[in-house]
Amino acid sequence: MRKVAVVHEWLSGYFGSERVVEQILQLYPEADLFCVVDFLPADQRRFLNNRPVTTSFIQRLPGARQHFRNYLPLMPLAVEQFDLSSYDLVISSSHAVAKGVLTHPGQLHISYVHTPIRYAWDFQEQYLGNGQVKGLKGLLARALLHYIRMWDMRTANGVDVFAANSNFVARRIWKIYRREAAVVHPPVDVEAFTIGRNRKPFYLTMSRLVSYKRIDLIVEAFSRMPDRELVVIGDGPEFSKLKSKATSNVTMLGHQPFEVMLDYMRQTRAFIFAAEEDFGIALVEAQACGTPVIAFEGGGALETMIDGYTGMYFTEQTAASLIEAVRKFERTDLLLDPDRIRRSAERFSVERFRHEFSDLVEREYTAFKNVSSSALKSLENGTSVHKAIFARNGTKVHLPNAMVPNGAAQL
């Protein structure tokens, strides 16, 4: 029997990364769950199935419930305090600090990376307001992000196997950590979506309203197309700013329950997506409804949308580029078949994720135990395994030289 630990950043809502954790916990129902904080609302806890959650000291700090992200400087320390020493297999679900947990050589650590820390690496300037955070505050923010980058690089060495949610993220992992990653696209509950046959002439976008999602670009584009209607579903820190810029043809609905979102997604003429997203679950959900997508040509959208088959791209993150794409779409959208779009979305089903991820974990765990067993037998037999090479998942692992007591062979 093996002990399994699952480590996730934080529980504050049921979003894309939590859907991944949900499936991992179903694959390994005996696993214990660790998070920096757990402030998940009661009506969103069903996927945990009454599972207890071990949290860090940040859970008990003042104001953590509303502002736990402000404790980012303490999060590296927090995840390093989790005692995982008794577990055989550690699976981290990481988009910030979860991969930094401490493990020992007898444990296999597999990290499913949704993204390397965006705000510390390639999205730093966007998170700092493109130079708007200045003075002492700006200097301190940049110093903090420098520290986070150093810590993030160091902790990459504690991961035995990286898995990425897209080829786009796998390239970022290679760029930042110089580590290869297996690609396992996240699960999308395509069965919860059905094809809409009664289309209406409005366009739809749906997202958390944060800056990097580029909803501002979409609102600006439609403010310049007053004869076309746009519906925006979602809430977040950018809501008031976007609402103040919205013209009469742009409807801001805020947060909506799933049934309302599904209804709009099944009726819209096309779904608009302007972010350079790591994967983009909403894109797949829209296609599961047979809905065409107009998306920025970058990030995970290149893997989830097929140009001219399930929608079309616009090439620049500008209002002008999106406007041009909308006009082009309106000349060709009759050629986009809803049933064909739906079939494309089915490539990212929950069942496919469970199969691919469990195969990866079991293959790596078996190889890891075989390597450990081979090294132990070599020591017991007194044979030399100097410069031994073990192959795991196509990667050669060179064992370092080390002095072994009692005159045994060198490793």
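Where is Arg 178 found? Arg 178 is located in the loop between helix 6 (167-177) and strand 7 (181-183). The phi of Arg 178 is near 55°, a positive value in a residue other than glycine.

The model is predicted: local features need pLDDT of at least 70 and side-chain atom pairs count only at pLDDT 80 or more, while totals for chains, interfaces and linings use all residues. Residues are numbered from 1 along each chain as its sequence is written, and side-chain values use heavy atoms, with hydrogens and water left out. Helices (H or I, at least four residues) and strands (E, at least two) are DSSP runs, numbered from the N terminus.

Strands of a sheet pair through backbone hydrogen bonds, either parallel or antiparallel. Here, two strands pair if DSSP finds at least two bridges between them. An open sheet of 7 strands has the order 3-2-1-4-5-6-7, and its pairing is parallel. Strand 3 (53-55) and strand 7 are the edge strands, each pairing on one side only. From one strand to the next, the twist averages 25°. Strand 6 (residues 161-164) and strand 7 run parallel and are joined by 3 bridges; in strand 7, Val 183 is the bridge partner of Ala 164.

Helix 1 (residues 16-27) packs on this sheet, touching strand 1 (4-11), strand 2 (32-38), strand 4 (89-94) and strand 5 (108-113). Helix 6 lies across strand 5, strand 6 and strand 7. Contact means heavy atoms within 4.5 Å.

**The sheet with strand 10**

An open sheet of 6 strands, also with parallel pairing, has the order 10-9-8-11-12-13. Its edge strands, strand 10 (250-254) and strand 13 (311-314), each pair on one side only. The twist averages 25° from one strand to the next. Strand 11 (residues 270-273) pairs with strand 12 (residues 293-296) in the parallel sense over 3 bridges, and Phe 271 has Val 293 in strand 12 as its bridge partner.

Helix 7 (residues 215-223) lies across strand 8 (203-206), strand 9 (230-233), strand 10, strand 11 and strand 13. Arg 214, in the loop between strand 8 and helix 7, has a positive phi of about 60° although it is not a glycine.

The table gives helix directions; axes are lines fitted to C-alpha atoms, for helices over the stretch in contact, and angles run from 0 to 180 degrees between N-to-C directions.

| Helix 1 | Strand 1 | about 160° |

**Cavities**

A cavity is a set of points, on a 1 Å grid over the protein atoms alone, where a 1.4 Å probe fits but cannot get out; lining residues have an atom within 4 Å of a point. A search of the whole structure finds 2 cavities of 30 Å³ or more. The largest cavity has a volume of about 40 Å³, where grid points are joined across faces, edges and corners and a volume is the space filled by probe spheres set on the points. Its lining includes Thr 205, Lys 213, Ile 215 and Phe 273. Strand 8 and strand 11 are the elements that give two or more residues to this lining.

**Salt bridges**

A salt bridge is a side-chain nitrogen of Lys or Arg within 4 Å of a carboxyl oxygen of Asp or Glu. The structure holds 18 salt bridges. In one of them, Glu 80 pairs with Arg 154, the closest N and O atoms being 2.9 Å apart. This pair links distant parts of the chain, 74 residues apart: Glu 80 is in helix 3 (residues 75-80) and Arg 154 is in helix 5 (residues 135-155).

Conventions. 1 Å grid on protein atoms, 1.4 Å probe; cavity = no way out; pocket = protein on both sides within 12 Å on 5 of 7 lines; lining within 4 Å.
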